[in-house]
Amino acid sequence: MQIDWQSYNPGDFHDEMIERPGAPRPTAQRLAAYLESLDRKDLDEKKLAAQLAIKTMGISFTVYSDGENIDREWPFDLIPRVIPAPEWEVTRRGLDQRVRALNCFIHDVYNDQKVFKDKIIDPELILDSVNFRPQCLGIKPRYNVWAHICGTDLIRDEQGRFMVLEDNLRVPSGVSYMLENRRVIKRVFPELFENYDIQPVTEYPQELFDMLASLSPRRQAFPEVVVLTPGIYNSAYFEHSYLAQRMGAELVEGSDLVVENDRVYMRNIGGLSQVDVIYRRIDDMFLDPAVFNSESMLGVPGLFQAWVKGNVSLANAPGAGVADDKVVYTYVPDFIKYYLDEDPILPNVPSYRCFNDKERQHVLANLDKLVVKPANESGGYGMLMGPQASASEREEFARRIKDNPRNYLGQPLISLSTVPILGNRAAEPRHVDLRPFILQAADSYVTPGGLTRVALVEGSYIVNSSQGGGSKDTWVVMG
Amino acid sequence: MLSRVAERIYWQARYLERVENTARLLSVFSSLLLDLPGRTKLGWRALVRITGTTESFATRYNIATEINLAQFLISDDCDASICSMLSMARENARTTREVMPTEAFERINNLYYYTQSAADGAVVRSARNEMLERIIESCQQIFGMLAGTMSRDASYTFVRMGRALERADMVTRIVDVGARKLFSHPGKGAVAPRFPEPYEGILWMNVLRSQSAYQMYRQHVRRRVNGEDVVRFLLQDEEFPRAAIHNLTTISKILSKLPNNAEVDDLVDEAKRHVMQSQVADLLEDGLTEYIDEIQIKFAAIHDAVTRTWFLPGN
């Protein structure tokens with residue numbers, strides 16, 4: 001016996017597998033018992049098989065380091081994370097509600113701006129944001145939806161409650177790893193599935209395709225849907241190619257597209273053919289050198305105008321990132337009330353906005369206790385982890401906050417929940433978050449579970465794959 | 001389909017076929033060596049000529065020994081080596097995953113990793129043979145998998161076209177070298193020596209083996225192995241899948257799946273006429289090398305037209 005839940009001790013953290021040492025939670029009991037029945041040799045074999053499967057399947061991500069691109073295999077832990085279905089159902093409704101409110105907000109910002117007139121939020125906070133695109137004012141995308149694909153990061157606190165950490169509305173990534181994690185587990189650990197009813201995740205590419213096809217400006221049986229990638233050197237290239245393959249859509253680079261008469265065409269072996277919907281995995285600023293960053297080699301000149309004319313749909317719409325901002329985040333509960341007249345189902349992490357004098361004073365006085373985040377960075381970059389930071393790092397951040405208060409946000413350090421990973425010795429507790437993906441057009445769809453990211457280093461809260469995080473298969477299970 | 005994707009698929013097929021052919025050549029040379037008496041010096045340099053890498057080889061090695069050739073064609077960091085061709089095939093596969101069957105990508109990926117790890121041990125003849133066999137098998141599996149799972153659309157047409165053109169090209173190179181004689185006796189002056197009689201059959205037999213053609217030759221030609229029949233079989237036999245004419249005919253047949261195919265079609269017809277009209281017996285006496293050169297030029301023209309018609313982004 002290698003794994004012994006008696007000696008597995010997550011300390012004061014909320015652990016999702018056990019209630020206390022030796023006592024697995026009801027939905028995890030069968031999984032815990034099965035893992036306990038395996039000996040060292042079984043576990044080592046499974047681990048090796050998983051590594052091989054990942055290598056064979058070519059599941060990789062690219063890391064930039066010292067100016068070089070390194071294609072790394074996806075770090076993966078074998079023990080699935082279990083979420084009870086009734087609890088997930090509430091979370092799912094909360095995510096759907098949240099993204100609906102966010103889409104109302106984005107549409108309002110670029111059209112009627114009632115949210116400013118009704119003084120829900122200060123217009124300066126939005127109109128001065130680096131993610132606000134004045135070029136998008138007055139545009140009405142189909143269904144008034146701007147953020148069609150959203151990846152919302154959730155954490156569980158000390159009591160095990162799901163809370164929203166941030167909403168990724170620009171080009172959220174990770175869904176391919178969610179799908180591949182399930183494939184790997186099925187390949188190397190089929191025995192695990194025998195005792196559980198696990199909600200399948202495999203329909204995501206189909207749901208994604210149907211949602212994208214529903215955006216087509218031309219009403220025809222087979223709209224041309226493409227995935228636009230920055231190319232093979234992008235860190236998420238694996239995912240772009242994976243989703244294109246699973247949807248049966250073309251994977252295009254900017255140089256494969258050309259705009260003529262405000263219509264978008266792709267360069268085919270037989271000449272040009274019109275494109276209806278572009279699932280773009282390129283940031284706004286690189287989409288169209290004629291409108292945004294004129295230096296961009298990745299984009300397509302004229303693309304923006306073709307979108308404005310309604311001849312092509314872009315998902316997510318340019319400008320959707322205006323709601324992907326950690327200051328805007330703090331207003332989402334207000335938006336849910338304002339636009340939907342509903343109570344928020346999922347809470348935010350309590351936050352202090354540095355543009356507000358009182359709240360900024362609180363942040364500056366408590367830098368050793370708080371996490372400070374910049375409003376517009378992603379991937380965990382540019383953050384201050386107060387309790388672990390050195391005095392000089394804290395001073396540096398105090399200076400940055402005073403220079404540009406709008407750009408910073410303080411949050412208490414939430415003690416993230418833990419789940420067991422298969423360490424070298426036995427099962428060891430590690431911190432996790434969860435990124436479900438929400439699709440929205442006429443209807444919405446939420447992935448059952450999502451991508452679980454896990455900090456592989458003991459005690460660490462950093463789950464990003466670019467900074468040493470790994471991932472796990474995530475199960476939403478009945479009873 | 002996208003021009004860029006079409007080009008990558010075409011090259012992926014060419015590289016895989018070239019990997020298979022290179023592995024076959026190396027393995028046949030090793031076995032030919034065992035069939036020959038010690039006094040005949042095996043012309044390893046012929047492999048350099050067949051693979052069209054004379055310059056690249058010369059920058060790395062002074063003499064064409066078995067070990068040097070094995071290293072050069074298996075593991076060196078040069079365009080001709082199996083390792084780097086597989087790495088290019090894999091890169092093309094990685095960047096066309098959205099259109100290729102998943103299982104095929106996994107095979108190519110595995111073959112790439114296997115070759116990387118086994119390459120260093122391949123200077124030892126027994127280990128090398130095992131490795132080459134596995135490479136040949138894997139290439140066959142990959143093409144078999146593509147044939148068994150891909151719809152007969154434009155994508156698959158580019159797989160077949162890349163493979164057929166590569167095969168036709170390779171078989172003519174091999175015929176050329178067979179005709180030039182793979183051996184040379186030391187110290188016989190400038191005049192090309194006549195190959196020692198009992199071994200001429202062995203030479204041509206191995207030319208056939210390098211194309212897996214020996215068995216089919218026996219069944220269909222039914223004569224003792226001799227230069228004239230072997231050359232005719234490898235160039236002009238419509239039914240043998242590695243014969244030059246068979247591959248040109250394949251290209252003619254599948255071209256209808258592609259738009260704007262007139263120019264390529266004409267060039268393929270021209271190459272077919274050229275291959276079929278020759279009198280092999282006369283050519284063996286004189287002019288085979290020039291004749292093969294002309295065929296190669298026609299193949300290059302087909303490739304250029306393919307690139308111009310379907311791959312150039314201008315359209």
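**View 1. Salt bridges across the interface of chain B and chain A.** Five salt bridges cross the interface of chain B and chain A. A salt bridge here is a side-chain nitrogen of Lys or Arg within 4 Å of a carboxyl oxygen of Asp or Glu. The model is predicted, so local features need pLDDT of at least 70 and side-chain atom pairs count only at pLDDT 80 or more, while totals for chains, interfaces and linings use all residues. Residues are numbered from 1 along each chain as its sequence is written, chains are lettered from A and ligands numbered from 1 in the order in which they are written, and side-chain values use heavy atoms, with hydrogens and water left out.

B:Arg4 and A:Asp256 meet through their side chains in a salt bridge, 2.6 Å from N to O. This pair crosses between chains: B:Arg4 sits in helix α1 (residues 3-35) of chain B, and A:Asp256 in the loop between β9 (250-253) and β10 (257-260) of chain A. Helices (H or I, at least four residues) and strands (E, at least two) are DSSP runs, numbered from the N terminus. Both B:Arg4 and A:Asp256 are buried. Buried means under 20% relative accessible area, exposed means over 50%, and partly exposed lies in between (1.4 Å probe, protein chains only). B:Arg4 also forms a salt bridge with A:Glu253, at 3.5 Å from N to O.

**View 2. The interface of chain B and chain A as a whole.** How many residues of each chain are in contact? The count is 29 residues of chain B and 27 residues of chain A. Contact means heavy atoms within 4.5 Å. The size of an interface is often given as the accessible area lost when the parts come together. Buried area is that loss for two parts (1.4 Å probe), summed over both. Between chain B and chain A the buried area is about 2300 Å², and carbon and sulfur atoms give 45% of this. B:Leu2, B:Arg97 and B:Glu98 supply 27% of the area that chain B buries against chain A, more than any other three residues.

Between the two chains, 15 residue pairs are in polar contact, both residues being at pLDDT 80 or more. Five elements of chain B give two or more residues to the side that touches chain A: α1, α5, α6 (102-118), α8 and α15 (288-311). α6(B) gives the most to this side, with six residues. By class, the side of chain B that touches chain A has 13 nonpolar, nine polar and seven charged residues. Ala, Val, Leu, Ile, Met, Phe, Trp, Tyr, Cys and Pro count as nonpolar, Asp, Glu, Lys and Arg as charged, and the others, Gly among them, as polar. A polar contact is a pair of N or O atoms within 3.5 Å; within protein, one must be able to donate a hydrogen and the other to accept it, and residues adjacent in sequence count only if both atoms are side-chain atoms.

View 3. B:Arg167 forms a salt bridge with B:Glu17, with the closest N and O atoms 3.0 Å apart. The pair links distant parts of the chain, 150 residues apart: B:Arg167 is in helix α8 (residues 154-180) of chain B, and B:Glu17 in helix α1 of chain B. B:Arg167 and B:Glu17 are buried. The network of salt bridges links B:Glu17, B:Glu20, B:Arg24, B:Arg163, B:Arg167 and B:Arg242.

**View 4. Helix α5 of chain B.** Why does the length of helix α5 (residues 82-94) of chain B agree with expectation? At 1.5 Å a residue, its 13 residues should span 18 Å, and its end C-alpha atoms are 18 Å apart. The expected span is 1.5 Å times one less than the number of residues. Is α5(B) mostly covered or mostly uncovered? It is mostly covered, with 10 of its 13 residues buried. Among them are B:Ile82, B:Leu86 and B:Arg94.

**View 5. Two buried sites in chain A.** A:Lys326 and A:Glu166 form a salt bridge, the closest N and O atoms being 3.7 Å apart. A:Lys326 lies in helix α11 (residues 326-329) of chain A and A:Glu166 in strand β7 (residues 162-168) of chain A; the pair links distant parts of the chain, 160 residues apart. A:Lys326 has 9% relative accessibility, so it counts as buried. A:Glu166 counts as buried at 14%.

A:Asp324 sits in the loop between β14 (313-315) and α11 of chain A. Its relative accessibility is 9%, so A:Asp324 counts as buried. The side chain of A:Asp324 makes a polar contact with the side chain of A:Arg170, at 3.2 Å.
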